[in-house]
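Work through the exercises below with the model open. Each task is followed by its solution.

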Amino acid sequence: MKIDVGAQNILRQMGRTDKALGNTQAQIASGLQNPNPASDPLASTLAKRLSIDVSTTKRVQSVVSQTKNTIEIAHSMLRANADLLTTMRSQAIQASNGIYTNEGRVANLDPIFQQNIAQFDSNAHATWGTRTLFDGTLFINCQTDAHVVEANVTGSIIDTTLSEGDLTINGLDVGATSSDTAKDVAQAINLLTSSTGVTASALTSATGTGIFDSISATNPIIINDIEVPIGPLSETESADQVIGQVVDAINAHPDMAELKISAQNMNGHLQINANDGSELRIWYSRISPENVAGPAASAYSGTVSLSSVSSIIIGGSTPENAGFSSETITASGITTVTFGDMRAAAVFGSTLPDLTSQANAQLAITAIDTALSTVLGELTRISSYSSQFEQIEENMETMSLNLQDALSSSEDVDFAEAITNSERLKVLKDAATATLRTQFTYFDKLGALVAESLRRH
């Protein structure tokens, strides 16, 4: 019996050795530490997470590199325009000299000067994709971190209908709306989401502030001209019990569900919400708001909330009509690059300089000095972008290498260790097999001796 148990133990140990040997041989064949995720799910999950981070970092590297190239193009164009302005200044100084006649200036100096202005404007109209670099509207939202936290902003209550130009989101006019409800404003903003990357949601909310006063009998609350029966209520019920009944009645009413209106107990007060941002009109029949700790009888307008995984640039002539103020909100992990309006008309003003007279040439010198100051200021700003993205690019390269190293450590098998382990397991398996064979040989001999003894007797 003892020999039987020993043999069974050896067989179980051989099974475990076989399994470990199979896993080691699979490691050697695949080059992976964990060829079977089921055998080590934690290691498999870690490797998967690292793999995703490596992929994300490489994507961010690519985006950063593209933005850096665009910045370098913009810098080059603006540098060329700064050189043009220097040349034009020399031409204007030459034309301001009294030795030239106006006819000579018109015939010989101004044409070349005007060609330089045209080249200046052409450089400013260089494009990035389909957009002009220096028309003052271009912005690039560049992901500069592997993890992004959305940009979010909520406006104040809307009480004015939007007109054309009142509100722009990321440079695009939201346009006019048919009413002053938050719902209409949100819908207008969402029509531009594919271009702006900004989504809008609307909510109209009214919350009670009064002190609860118990009531009896059945009394309706009228919400958006629809009666919602409440009760019967008794004077013995607590505030929370009464508010709970009112909340249940509103939420169970089929018309309220259709209008996307709901209610909840908000810290001992009744809150009623129009969840799509529609106007909310509340009235009470034979009771006061205090009877149910509800909001005052009134018409309520809603608010609009904006969100984006990049930037939200709010502008327009009167963004306050949509509840917003002019501002830029940038998502964490996103860097927004903007270029100013560097076109000739913006830099020189509506009247471009010329060299058709000595007086005009002198005015041109002043205009060019002002333009040169503007261009050099923008050039300095773009240079700071260049330095910033150079640093970001280096950081992302370092992060990518570290992540790939961690992934390699997590996934790649140590072949020397695996081969040594494989040989060790083979030796253990052979030893177990030999031991088991000895056990069975002993059984065979013992069986033969017993048979021979029985035969003789």
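Phe 134 is buried, with a relative accessible area of 1%. Buried means under 20%, exposed over 50% and partly exposed in between, with a 1.4 Å probe and protein chains only.

This is a predicted model: local features need pLDDT of at least 70, side-chain atom pairs count only at pLDDT 80 or more, and totals for chains, interfaces and linings use all residues. Residues are numbered from 1 along each chain as its sequence is written, and side-chain values use heavy atoms, without hydrogens and water.

**Exercise 1.** Classify the ring pair of Phe 134 and Phe 339.

Step 1. Apply the criterion: rings of Phe, Tyr and Trp (its six-membered ring) pair if their centres lie within 6.5 Å; planes under 30 degrees apart are stacked, over 60 edge-to-face, the rest tilted.
Step 2. The centres are 5.5 Å apart and the planes at 40°, so the pair is tilted.
Step 3. Phe 134 lies in the loop between β2 (131-132) and β3, and Phe 339 in the loop between β17 and α8, so the pair ties together parts 205 residues apart in sequence. Helices (H or I, at least four residues) and strands (E, at least two) are DSSP runs, numbered from the N terminus.
Step 4. Phe 339 is buried, with a relative accessible area of 2%.

**Exercise 2.** Find how β3 and β17 are joined.

Step 1. Strands pair if DSSP finds at least two bridges between them.
Step 2. Five bridges join β3 (residues 139-143) to β17, and the two run antiparallel.
Step 3. Cys 142 stands opposite Thr 335 in β17.
Step 4. Check the cover of β17 (residues 334-338): four of its five residues are buried.
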